[in-house]
Amino acid sequence: MATAARSRIASREGRAQRRRLQPTTGIQQSKEAGHRDRPPQQARVSGGARLPTALPAPGSAGGRGQRSLYSHLEKMTDLVAVWEVALSDGVHKIEFEHGTTSGKRVVYVDGKEEIRKEWMFKLVGKETFTVGASRTKATINIDAISGFAYEYTLEINGKSLKKYMENRSKTTNTWVLSLGGADYRVVLEKDTMDVWCNGQKMETAGEFVEDGTETHFSVGDHSCCIKAVSSGKRKEGIIHTLIVDDREIPETVE
């Protein structure tokens, strides 16, 4: 009997010792370090968005190389979606942070903070703000998929980003060119005939010519003209061509 008792005691001590020697899990280590547990954050982004890539750690060689250009990114611990939106005044980057524990929401437009809400009891919903010189209305929708997974979609002027860009391709023309070593992006808004160049609305002069109309403006010392002529086909409508210093510039598809 005594031998059996000693055997049971030794067995219990052996199990206790094995438990002490068993390595801690990542969750246990996080608890010991004083961190609050948070569920794994999953995200699904749509409408031309992309998930952010991992950022280099501050102090590393990669971190030092990017800190001056993207210093705000080092603070973005809950970055879940990034969109690029082409408007008349340029291509704008929208970044969104969403904390699935605290409900935090932060919106950046071209690196500038537009919205910050540190605590939100409701994890789903929407955030509305403006983008660009024309203050175009934008809305980020946050929808729960299941559990702790969320879907993030961007709307521009009440339309999904995909539909907005499809409609925009019908109402604008875009040209990208290089002059004197500098790059220029020229955009024509066909409904108003407004011309934008590198984010600035240009002063233009329009005139009627024998086969259509011409809209004249200048970029630096360069003479520019957007010529509009009828295609002769109902479906194609009016054809717009950019001519710079008597050279035709091919249109760019964004």
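Predicted model: local features only at pLDDT ≥ 70, side-chain atom pairs only at ≥ 80, totals over all residues.
1. Residues are numbered from 1 along each chain as its sequence is written, and side-chain values use heavy atoms, with hydrogens and water left out.

2. Side chains of opposite charge can pair when their charged atoms come close. A salt bridge here is a side-chain nitrogen of Lys or Arg within 4 Å of a carboxyl oxygen of Asp or Glu.

3. Look for K104 and E97, whose side chains form a salt bridge at 3.3 Å, N to O. K104 is buried at 9% relative accessibility, and E97 is buried at 0% (buried means under 20% relative accessible area, exposed over 50%, partly exposed in between, with a 1.4 Å probe and protein chains only). D78 joins in too: D78, E97 and K104 are linked in a network of salt bridges.

4. Next, R105 and E127 meet in a salt bridge of 2.8 Å, N to O. This pair links distant parts of the chain, 22 residues apart: R105 lies in strand β4 (residues 105–109) and E127 in strand β6 (residues 125–131). Strands (E, at least two residues) are DSSP runs, numbered from the N terminus. R105 is buried at 2%, and E127 is buried at 4%.

5. Finally, visit R116 and E113, joined by a salt bridge of 3.0 Å, N to O. R116 is partly exposed at 37%, and E113 is partly exposed at 38%.

Conventions: Helix = DSSP H or I, 4+ residues; strand = E, 2+ residues; numbered from the N terminus.
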